[in-house]
Amino acid sequence: VNEDEIFFNVIISKMVEQKESGNAIQYLGLLRIFLDADNMVTTGERTEKSLALGFFYKHCMHRMVSPLLVVTKGDTPSKDGYGYSGLLGKILELLILCG
């Protein structure tokens with residue numbers, strides 16, 4: 001699997017690259033819709049939720065947490081600003097949804 005071509009990773013990359021926090025938050029909203037368990041069907045032994053989240057954890061989670069890891073390296077934040085901190089907060093919210 002080429003992780004650069006996975007839909008979720010493309011959205012995550014676009015989200016992190018955005019200079020405008022409004023656009024980044026829209027990308028996060030899109031990810032939230034796809035990863036929300038209420039939107040997934042439960043049938044048989046394996047649910048859509050377990051398949052989708054398993055795929056996301058295996059191929060995409062490292063890209064989702066990378067902005068958090070980058071900013072928390074060292075003694076002082078490497079990036080500062082209201083827009084970026086808002087984006088990091090939204091990433092944390094999405095990670096809670098995936099938990």
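User: Is F56 buried or exposed?
Analyst: F56 counts as buried, because its relative accessibility is 0%. Bear in mind that this is a predicted model.

User: How many aromatic pairs are there?
Analyst: Searching the whole structure gives four aromatic pairs. One of them is F8 with F56, whose ring centres are 5.5 Å apart.

User: Why is the pair of F8 and F56 edge-to-face?
Analyst: The planes of the two rings are at 90°. Planes over 60 degrees apart count as edge-to-face, so the pair falls in that class.

User: Where do F8 and F56 sit in the chain?
Analyst: F8 is in helix α1, which covers residues 7-17, and F56 is in helix α3, residues 48-59. The two are 48 residues apart, and the pair links distant parts of the chain.

User: And F8 itself, buried or exposed?
Analyst: F8 is buried, because its relative accessibility of 13% is under the 20% cut-off.

User: Which residues make up the ring cluster?
Analyst: The cluster consists of F7, F8, F34 and F56, linked by ring pairs.

User: Changing topic: which helix holds H59?
Analyst: H59 is in helix α3.

User: Buried or exposed?
Analyst: H59 counts as buried, because its relative accessibility is 11%.

User: What does the H59 side chain have a polar contact with?
Analyst: The side chain of E3, at 3.3 Å.

User: Which residues does H59 touch, leaving out those up to four places away in sequence?
Analyst: H59 touches V1, E3, I6 and N9 on that count.

Definitions and conventions. Residues are numbered from 1 along each chain as its sequence is written. This is a predicted model: local features need pLDDT of at least 70, side-chain atom pairs count only at pLDDT 80 or more; totals for chains, interfaces and linings use all residues. Side-chain values use heavy atoms; hydrogens and water are left out. Rings of Phe, Tyr and Trp (its six-membered ring) pair if their centres lie within 6.5 Å; planes under 30 degrees apart count as stacked, over 60 as edge-to-face and the rest as tilted. Helices (H or I, at least four residues) and strands (E, at least two) are DSSP runs, numbered from the N terminus. Buried means under 20% relative accessible area, exposed over 50%, partly exposed in between (1.4 Å probe, protein chains only). A polar contact is a pair of N or O atoms within 3.5 Å; within protein, one must be able to donate a hydrogen and the other to accept it, and residues adjacent in sequence count only if both atoms are side-chain atoms. Contact means heavy atoms within 4.5 Å.
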